Amino acid sequence: MTLLDVEGVAKSFPARRRKAVVRAVRDVSFRLDRGQTLGVVGESGSGKSTTARLVLGLIRPDAGRVHLDGMDVLAARGDRLHALRRRMPMVFQDPYSSLDPTWTVRDIVTEPVRLGRRRDRAVPATRAAELLELVGMAPAFAQRYPHELSGGQRQRVAIARALACDPDLVALDEAVAALDVSTRAGIIGLLQDLQTSLGVAYLFISHDLALVRLVSHEVAVMYLGRIVERGPTERVYAAPAHPYTRALISAVPVPDPVVQRNRTRPPVLGEVPSALAVPSGCAFHPRCPLATDICRTIDPPVVDLDDGHAAACHHVALITKEGVS
Amino acid sequence: MNAVLEINDLVVEVATAHGPMVVVSNVSLAVGAGETLGLVGESGSGKSLTTLAVLRLLGTSARIASGEILLRGPDGVLDLVTLPERRMRDVRGGRIGMVFQEPMTALDPAYSVGEQVAETVRRHLGLGRTDAWKRAVELLDRVGIPSADRRAHDHPHHFSGGMRQRVVIAMALSCDPVVLLADEPTTALDVTVQEQILTLLGELRDESGLALLFISHDLGVIADISDRVAVMYAGQVVETAPVHELFAAPRHPYTRALLRCVPSPGSDRLATIPGTVPTFDALPLGCRFAPRCEHAAAVCEGAPIGLDTVAATHFARCVRIEEVVS
């Protein structure tokens, strides 16, 4: 059942000085089912975080539609918008700056509940303990302050806060990127358990392709503001159809020296251009080993391959026929 | 092997209100010419402090309490622990080049990149302005900056993250160092750019016979670039081995657990390590990993555990290796 339906969303920002605009997100469409995880991957400046903020109604798109559970997020105003936002909270990368250092853990995790109530109704005293239990923390942590917690514990608190209003969807924006390997593994396991027990859907934004593969049912690959490929995770990873996806997957070093040193890797030229000057035609063409004349002039449409797997590349047929190297 | 950089029994202390606290405990490492030693560990394991100690850049709150840091060059052996500060300044950026995580902290935004590379050359090699500039352009070209003669006039903010890191690498290489210390040099970069920088560092090492000490928390990066790997935990080296052996047959329970914490294709759960890294004011007397170790037994507690020989080039700080492996 579709929980989140995003259609043709676009957003530009005015650049500082000059009259240019940053085309942060262009024509982004996807769907996310209840209880599922959509992984959004891409390099810096690809528009991953802006997409999340647009979907959650935190910034307004220039074009497009966003529906949560059939309700139009962009048409909602005031109390209705706030009620919708409580159904889709966000967890940020840095638990050192996303938690108020002067508040106790109890105040932090129950704030969303308080905001959703009338002033005269208090939050039940047990709610903080319930939320902490959900994220595997003892009730005693309710009296602590963020500075008394480790990075992993802080991120658990941020997750507990996100769960406070029984959300349908949690947007996780690089939520484990700042954590150590062993701490990260614990948080990922927790997120997986919470999805099973609560049926919450995740918008999992990350630059870590291996992690996205592990947690996502579907994956969307973004490049300079566009989704260049999306589909069921295993299909995309096993048979990437866009040259950028192929480059990205093969650039991730594998923690196995035998495999890592014997991989054939298509060379990726240069770096991501500035979103101030998105290349003409296909935005990836200056870095693409397969680019031809058509790529320089015409932005490729999204081509459906099979089973929800789609890619925006003029040479999709060429790539899928020849298989992945 | 004749190591270019050899660290013996290095102890680093940090001053606290309750007296000195040991944060790097008897670390011994060696890197040979043309070799890459990968140093891996989680935050607080002491890997960055070890590199800062090599450069004697520990600041005012930390100090080298004991040990030796030997740098072998054409003109003999220097012990960096006892070297006068004046001569240490020649070593930093001279015989030892360094590359850190964030290129913008290593570059001055007010000067062109050419001037910055040329300044290092003038300072260490004593070249004149014209020659130093020529050498700077050559170096920028060598590290893959396109149209280096023109781009040398640009300031750092005109460069992308990857290009800035190339500039920093050019500065590090400017005085033909024998050792390159690279502390998380690709962590702030995008993955396609990371690949390019790793390739570049590998080439430079092979061309000039640099000894490369490469620090990273990323096991994939370590697997890519290292010849040998040292794993650090709570201020100690807990295992060291040639890269293939370390990944194929890790012996220390921490190394084994760490390798299971990273995603591998086909699995849908990550292994976790219970508990947390001990704080330096409450280190266990015996094995520092014992409180989190599934193989821990009475023998692990009570007394410090030494590095045990597994094979000629493979060492692990564990007294229960037999049980761990079976």
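## Helix α1 of chain B

In helix α1 of chain B, which covers residues 47-55, the buried residues are K47(B), L49(B), T50(B), T51(B), A53(B) and V54(B). A residue is called buried if 20 or more other C-beta atoms lie within 10 Å of its own, exposed if 12 or fewer do, and partly exposed in between, with the C-beta atoms placed from the backbone. Helices (H or I, at least four residues) and strands (E, at least two) are DSSP runs, numbered from the N terminus. Just after α1(B) comes R56(B), which takes a positive phi of about 55°.

## The model and its confidence

This is a predicted model, in which local features need pLDDT of at least 70 and side-chain atom pairs count only at pLDDT 80 or more, while totals for chains, interfaces and linings use all residues. Residues are numbered from 1 along each chain as its sequence is written, and chains are lettered from A and ligands numbered from 1 in the order in which they are written.

The model scores ipTM 0.85 and pTM 0.90. In chain B the average pLDDT (the predictor's confidence in each residue, from 0 to 100) is 93, and 100% of the residues score at least 70. Within chain B, confidence is highest in strand β10 (residues 236-242), at a mean of 98, and lowest in helix α12 (residues 321-325), at a mean of 87.

Chain A has 12 helices and 12 strands. Its radius of gyration is 21 Å, close to the 20 Å that the globule rule gives for 325 residues, so chain A is as compact as a globular protein of that length. The radius of gyration is taken over C-alpha atoms, and the globule rule is 2.2 Å times the number of residues to the power 0.38. Along the principal axes, the C-alpha atoms of chain A fill a box of roughly 65 × 50 × 45 Å, and buried residues make up 47% of its 325 residues. Two residues are in contact if their C-beta atoms, placed from the backbone, lie within 7 Å; among contacts in chain A between residues at least 6 apart in sequence, 64% join residues at least 24 apart.

Chain B has 12 helices and 12 strands. The radius of gyration of chain B is 21 Å, close to the 20 Å that the globule rule gives for 326 residues, so chain B is as compact as a globular protein of that length. Its C-alpha trace spans about 70 × 50 × 40 Å along the principal axes, and 47% of its 326 residues are buried. Residues 24 or more positions apart account for 61% of the contacts in chain B with a separation of 6 or more.

## Where the chains meet

The contact between the chains takes 30 residues from chain A and 30 residues from chain B. On the side of chain A that touches chain B, the elements that give two or more residues are α6 (181-198), α7 (209-215), α9 (243-251) and α10 (257-261), and α6(A) gives the most, with seven residues. By class, this side of chain A has 17 nonpolar, eight polar and five charged residues. Here Ala, Val, Leu, Ile, Met, Phe, Trp, Tyr, Cys and Pro count as nonpolar, Asp, Glu, Lys and Arg as charged, and the others, Gly among them, as polar.

## Helix α3 of chain A

The buried residues of α3(A) are V105(A), R106(A), I108(A), V109(A), T110(A) and V113(A), and what covers them includes α4 (127-134) and α5 (151-163) of chain A. Helices α3(A) and α4(A) pack at an angle of about 105°, with their axes 9 Å apart. That makes α3(A) roughly perpendicular to α4(A). From α3(A) the contact is made by R106(A), V109(A), T110(A) and V113(A), and from α4(A) by R127(A), A128(A), L131(A) and L132(A); by class, it has five nonpolar, one polar and two charged residues.

Axes are lines fitted to C-alpha atoms, for helices over the stretch in contact, and angles run from 0 to 180 degrees between N-to-C directions. Angles under 35 degrees count as roughly parallel, over 145 as roughly antiparallel, 65 to 115 as roughly perpendicular and the rest as oblique.

## Some single residues

D100(A) sits in the loop between β6 (90-91) and α3 (105-115) of chain A, and D100(A) is exposed because 12 other C-beta atoms lie within 10 Å. Although D100(A) and P146(A) are 46 residues apart in sequence, their C-alpha atoms are 7.5 Å apart in space.

Most residues other than glycine have a negative phi. E174(A), however, has a positive phi of about 55° although it is not a glycine; E174(A) lies in the loop between β7 (169-173) and α6 of chain A and is partly exposed, with 17 other C-beta atoms within 10 Å. D9(B), which is also not a glycine, has a positive phi near 50°. D9(B) lies in strand β1 (residues 3-16) of chain B, and D9(B) counts as exposed, with 11 C-beta neighbours inside 10 Å.
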